[in-house]
Amino acid sequence: MNTTTRGTLLLLPAVIPTFVVITAGLGTVTLQAFGLMPLVGDPELSWASFDKHGADIVRGTALSLGIASASTVISAIVGMAAALAILANSRVVAALAALTIPVPHLIGAAAMGLLLADAGLLTRLFGIDSAAWPQLVGGTWWVAVIAEFAWKESAFVALVVAGTLATRVHHYGEAAAVLGAGRVHRFLYVTLPLAVPALAAACLITFVYSFGSFEVARLLGPYPEPLPVMAVRLFASIDLAARADAAAVAFVSATLCVATLVVALRFLRRSTLWR
């Protein structure tokens with residue numbers, strides 16, 4: 001038995017239950033979204049749930065994409081900088097990143113709200129009148145939501161990239177320095193190419209998670225709602241007929257997440273940067 005086969009067999013106990021749960025969940029959502037598994041009435045193939053909330057779904061999709069994109073870009077920049085600091089033996093940055101990872105997003109959202117609200121810690125710390133403070137929590141630019149995702153996910157990106165570079169970058173960097181490469185050239189032609197695969201994978205995970213997460217946007221964000229928040233609200237409605245509407249919104253969200261994963265992975269596999 002070769003190493004690949006042995007590794008595959010070791011993963012099966014974790015992969016099979018995960019696959020069954022995800023497949024069953026997505027299958028149920030799909031059937032309910034298209035009216036084939038209604039809680040009320042007879043099964044009938046229909047687009048009614050999508051048409052009913054069409055405008056809200058479009059707005060929610062645009063908003064979810066905006067939040068996920070901004071959070072991912074900021075996380076990538078901050079996480080890459082933190083990874084470089086960790087590689088430079090900054091124990092403070094490494095400790096802060098490690099301490100950030102276990103904090104639940106719900107706790108992080110509450111802390112971000114208390115920090116950035118117009119009556120929060122920053123206004124009291126700097127003695128700024130709440131009327132003069134910008135609306136960072138519940139504002140039109142979703143600053144608090146993006147800040148929370150960026151704070152949490154940048155620590156994740158930093159640890160992933162630092163762990164990948166830890167055993168490789170020093171040797172290549174020393175060789176480049178001996179050949180006369182400066183600090184900027186070593187970063188552009190040694191460190192960055194080595195970091196790109198791990199950075200791309202971490203950013204992809206960050207994007208999909210930020211797109212599909214609902215608790216942070218539900219706690220800190222205003223209206224209009226992102227897709228996950230809309231799906232949870234409709235699912236919790238006392239009207240059982242709204243379950244199909246919630247399934248339709250969840251179907252759109254899940255489809256976009258899966259499509260993002262498939263397209264991104266195919267692009268990365270064919271890209272020379274991935275190698």
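**Exercise 1.** At what angle do helix 7 (residues 143-165) and helix 9 (residues 183-212) pack, and how far apart are their axes?

Before we start: this is a predicted model, where local features need pLDDT of at least 70 and side-chain atom pairs count only at pLDDT 80 or more, while totals for chains, interfaces and linings use all residues. Residues are numbered from 1 along each chain as its sequence is written, and side-chain values use heavy atoms, with hydrogens and water left out.

*Solution.* 
- Step 1: the angle is about 145 degrees and the axes lie 9 Å apart. Axes are lines fitted to C-alpha atoms, for helices over the stretch in contact, with angles from 0 to 180 degrees between N-to-C directions. Helices are DSSP runs (H or I, at least four residues) numbered from the N terminus.
- Step 2: the contact (heavy atoms within 4.5 Å) includes Phe 149 and Phe 156 of helix 7 and Leu 194 and Tyr 209 of helix 9.
- Step 3: sorted by type, its residues are 13 nonpolar, four polar and one charged.

**Exercise 2.** Find the orientation of helix 3 relative to helix 11 (residues 227-235).

*Solution.* 
- Step 1: the packing angle is about 135 degrees, with axes 8 Å apart.
- Step 2: angles under 35 degrees count as roughly parallel, over 145 as roughly antiparallel, 65 to 115 as roughly perpendicular and the rest as oblique.
- Step 3: the two helices are therefore oblique to each other.

Definitions and conventions:
Nonpolar A, V, L, I, M, F, W, Y, C, P; charged D, E, K, R; others polar.
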